[in-house]
Amino acid sequence: MLHNKIVSGIGAIAAKCIYHKLSLWIAVSLFLSFVAQAQWTVNNEKAKRLVVDTYQPVNILSGDLPEGGMFVVWMDKKESIEQEILIQAIDVNGRARLRADGRKITELAGKKELPVLKVSSSGVAYVLWKDYTYNAIGDLYMQKIQSNGIFDWGDYGHIVAICRYSPVVYSMALDSTGFAYSAFVEKIDSSGIEYVVKLQKVSPDGVNVFLNDGVTVATSRSSKTNIQVCPDTSGGAYIFWIEARAGKSVIVMQHVNAEGKFLLSKKSVDITQGNTNIINYTATRFVSGEILTAWQTGPKLKEIYYQIIQPNGKALFADSKLVSPAVKAAKSNLSAVPCADSTIMIGWIAEKTPSKKEVMLQKISRHGAILWGDDGEVASMKPSIKYSGSISVDRFSNVYAAWIERKDLLSSEFVYGQKLNSNGVRQWETEGTPILVSKNSEKSYLTSFADKRQGMVVVLREGKRSGTEKNARTEYGIFGQRLYAERNAVGVLSEMNATVDMDNVVVSWKSSNETNVRSYKIEKFLLKTVRDTSWSEVAVVPAKPFSGVNEYRYSFTPDSDGVYFIRVVQLVGNSPIAASEIQKVSYLRDFGDKIVVLQNNPNPFPDSTVINYYLPRKMPVRLEFYNSRIEKIDEVNLIDTRRGRNSYTFSADKLPDGIYFFRFTADDVLEVKKFVIAR
C-alpha cells in the first residue's frame with residue numbers, strides 16, 4: 001500500500017513535469033505562430049527585386065492572383081524617351097512569369113498616361129490607359145492579359161472610347177462574369193466649360209456594349225473629379241464622382257442598368273451634403289450587393305464618414321456616420337476592401353500628434369454597424385510617423401496592413417506589416433513585423449495583399465543613392481517581400497551570380513537551411529522579342545546533404561547568342577518554394593568567320609552601356625554615335641581588338657536624355673542599332 005502511494009506520488013510528480021513541459025511547448029508554439037517570417041529574402045534590410053532593368057518606374061500598381069501570385073503594372077522608359085506601360089506576372093514564390101524586364105502592354109507608339117489595373121477572380125488582368133497615338137486629346141484603351149503573358153486583345157489593345165473631348169479622369173471595375181466597366185469624365189471647351197460623365201461596358205471578348213463612346217450619365221458646368229465605378233449584381237453599375245458646387249464639393253451617384261438606362265432617376269443623387277468639402281472618398285461593394293461609400297472631409301476638420309447604399313439605390317442612413325467617433329484626430333490615407341463575411345474593412349492614418357501617426361482599422365457590417373468599437377483597432381503599438389498605408393483581406397476575413405514609417409522626421413523610412421484576425425486581434429508582433437528596414441533609401445508606391453496562405457505580399461518602389469557626391473543619382477527599382485506565418489524554417493538562397501566564361505555561362509549561388517530542399521532548377525530566358533514570355537529549364541542540380549552554408553556552381557553552353565536572363569529556383573520535390581533574383585548576361589558564341597554585334601546592354605541606361613561584338617580575327621572596328629537628328633556626336637576607332645568576343649563601354653555622362661543610334665563598321669559589315677539614355 002505504501003509502495004503504491006510512493007509510485008503514485010512519483011507518477012503525479014512526473015505527470016506534473018510533463019504537463020508543465022507540454023504547456024511550455026504549447027505556449028512557445030503559439031508564440032511562434034504569431035511571428036511572421038520573410039520568405040523571398042530573409043534579410044529584412046533587402047527586399048527582392050521583382051523586375052530587371054527598371055529606370056524610372058512610376059505609377060506602380062499591383063493586383064493579386066487567385067493562387068497567391070500577382071500582376072505588377074508600372075510606367076517606365078523602355079526603348080523610348082516617352083513613358084511606356086509595362087506589366088509583369090509574379091507567382092507566389094517570387095518568380096517572374098513573363099520576361100524579366102516586363103512586357104509592354106501595347107505596341108502603340110504615342111504617349112501614354114496613368115494606367116488603371118484590375119485583376120479578375122479568374123486571374124486575368126485588365127489595364128486601362130489614356131493614349132495619344134492617334135488623338136491629340138487622348139483616347140481610352142484597354143488590354144486584357146492572361147497570367148501566362150497572352151494578350152487577348154492583340155498587340156495594340158482595345159479602344160474603349162475615341163474621345164471628342166479630353167478625358168480628364170477615368171476608372172475601371174470588373175464584375176464576376178468578366179465584363180469591364182470604364183467610367184470617365186470629358187471636359188468640353190467648345191461653348192463654355194462643360195463636364196460630361198460617361199460609362200462604357202466592355203465584354204470579355206473585347207466588344208463595347210454601349211454604342212458610340214458610352215452612355216452619358218451626367219452633364220453640367222460643375223467640375224467633376226475622382227470618378228469611380230462599382231458593378232452591381234445584375235450587369236449594371238453605380239457611378240460615383242466628386243462635383244464642385246458653390247465653393248464646396250459633394251459626392252454624386254448615378255445607377256445604370258445592363259441596357260444603359262438610369263435606374264434611380266434622370267437626375268443623379270447626392271450622397272453627401274453641400275455644406276462639406278470632400279478631399280477623398282472610396283466606393284466599395286459588399287459581397288451581398290450593398291455599396292459602402294466612405295469619405296474624408298477637409299481641409300480643417302479631417303474626419304471620415306460613411307454611408308451604405310442599398311440595392312434599390314437608397315441611402316441606409318438619414319445622416320452619414322463617423323467611422324471612428326472616439327478618435328479625435330486628423331484622418332487621411334483612406335482605403336476600403338470587402339471581406340468574405342459580408343463586411344468591409346476600412347483603413348486610414350490618424351494623426352494623433354505630429355510625431356505619432358497611427359494606422360487604424362475598422363470593420364463595418366452590411367447593416368452599417370461598426371464592429372471594432374468606437375475607436376477601431378491600431379495596427380502597431382509603436383509610436384512613430386506612419387504613412388502610405390495599404391490593407392487587404394484573405395478568405396478567412398483576416399486583415400493585413402502594411403505601411404511606411406519614420407521614427408522622426410530626420411530618420412530613415414522603414415516598411416512594416418501586421419496581421420489582425422477577424423475579431424481585430426493582432427497576430428504578429430505588437431509593433432509590427434519589419435518588412436524592409438534598409439537605411440537611407442526612398443520608399444514609395446507601397447501596395448500589399450493577402451497571399452492566400454494566411455500571409456502577405458508587399459510591393460514597393462525603393463530608390464537608393466549611388467555614385468560620387470558630385471555625380472550622385474538615385475537608382476529606382478520595383479521590389480517585393482512575402483511574409484508568412486508558418487513555423488517551418490526557410491531555406492536561404494543567396495549570392496546568386498551568372499557570368500560568361502569562354503563558351504560557357506557559369507551560374508553560382510549559396511544556400512543554407514536545406515532541410516526540406518531536394519534540388520535547384522536553373523532556368524534561362526533568351527531575350528528576343530517583346531512577345532517572348534517562356535522560361536526554359538537548363539538543368540536540375542541536387543541539393544547537398546550537408547548542414548550549414550552550401551556553395552553551388554554549374555556551367556552550360558547556350559545554343560544561341562544573345563542576352564539571357566538567368567535564375568535559380570529552389571525545389572521541394574517538384575514544387576518551387578523560392579527563387580533567386582534574376583541575373584542578365586550577354587552571350588556570344590564562336591561564330592567562325594562571321595562578324596556579330598549585339599544590342600548594347602543595358603538599354604535604356606543612365607550613365608554607361610556595353611556594346612559586345614564578335615570578330616573572326618583581329619581587325620579595326622569603327623563605332624559612330626548619332627543623336628535623334630542623325631547628327632554625329634562621337635566616333636571611336638578601335639585598333640586593339642582580338643579574335644572572338646570584344647566589348648566597348650560607351651559613357652553618356654555629358655549627353656542629355658533621349659534616343660540615340662550607334663553604327664558599327666568592321667570589314668564589309670555595317671549595322672545600326674538604337675539606344676536610349678534615361679535618368
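Residues are numbered from 1 along each chain as its sequence is written. In this predicted model, local features need pLDDT of at least 70, side-chain atom pairs count only at pLDDT 80 or more, totals for chains, interfaces and linings use all residues, and side-chain values use heavy atoms, with hydrogens and water left out.

Confidence was examined through pLDDT, the predictor's confidence in each residue, from 0 to 100. The protein has a mean pLDDT of 86. A value of 70 or more is reached by 90% of its residues. Residues 1-33 stay under 50. For this stretch the model has 4 contacts beyond four places in sequence; a contact means heavy atoms within 4.5 Å.

Two sheets are described next. Strands (E, at least two residues) are DSSP runs, numbered from the N terminus. Two strands pair if DSSP finds at least two bridges between them. Strands of a sheet pair through backbone hydrogen bonds, either parallel or antiparallel.

Strand β5 covers residues 84-90 and is joined to β6 by 2 bridges. These two strands run antiparallel. L86 stands opposite K104, a residue of β6.

Another open sheet also consists of 4 strands, ordered β19-β20-β21-β22. Here, too, the pairing is antiparallel. Its edge strands are β19 (278-285) and β22 (321-322), each of which pairs on one side only. Between β19 and β20 (residues 291-297) there are 7 bridges, in the antiparallel sense. R285 has I291 of β20 as its bridge partner.

Attention then turned to S171. This residue is found in strand β11, which spans residues 166-174. S171 is buried, with a relative accessible area of 10%. Buried means under 20% relative accessible area, exposed over 50%, and partly exposed in between (1.4 Å probe, protein chains only). Leaving aside residues up to four places away in sequence, S171 touches L128, Y181, S182, A183, I227, Q228 and V229.

Backbone geometry was considered last. Most residues other than glycine have a negative phi, and most peptide bonds are trans. The peptide bond from N601 to P602 is cis, with omega near 0°. The bond from N603 to P604 is likewise cis, with omega near 0°. P602 lies in the loop between β42 (596-597) and β43 (608-615). P604 is placed in the loop between β42 and β43 as well.

N440 is not a glycine, yet its phi is about 55°. This asparagine lies in the loop between β30 (433-436) and β31 (441-450). N440 is exposed, at a relative accessible area of 67%. E495, also not a glycine, has a positive phi of about 55°. E495 sits in strand β34 (residues 492-501). With 56% relative accessibility, E495 counts as exposed.
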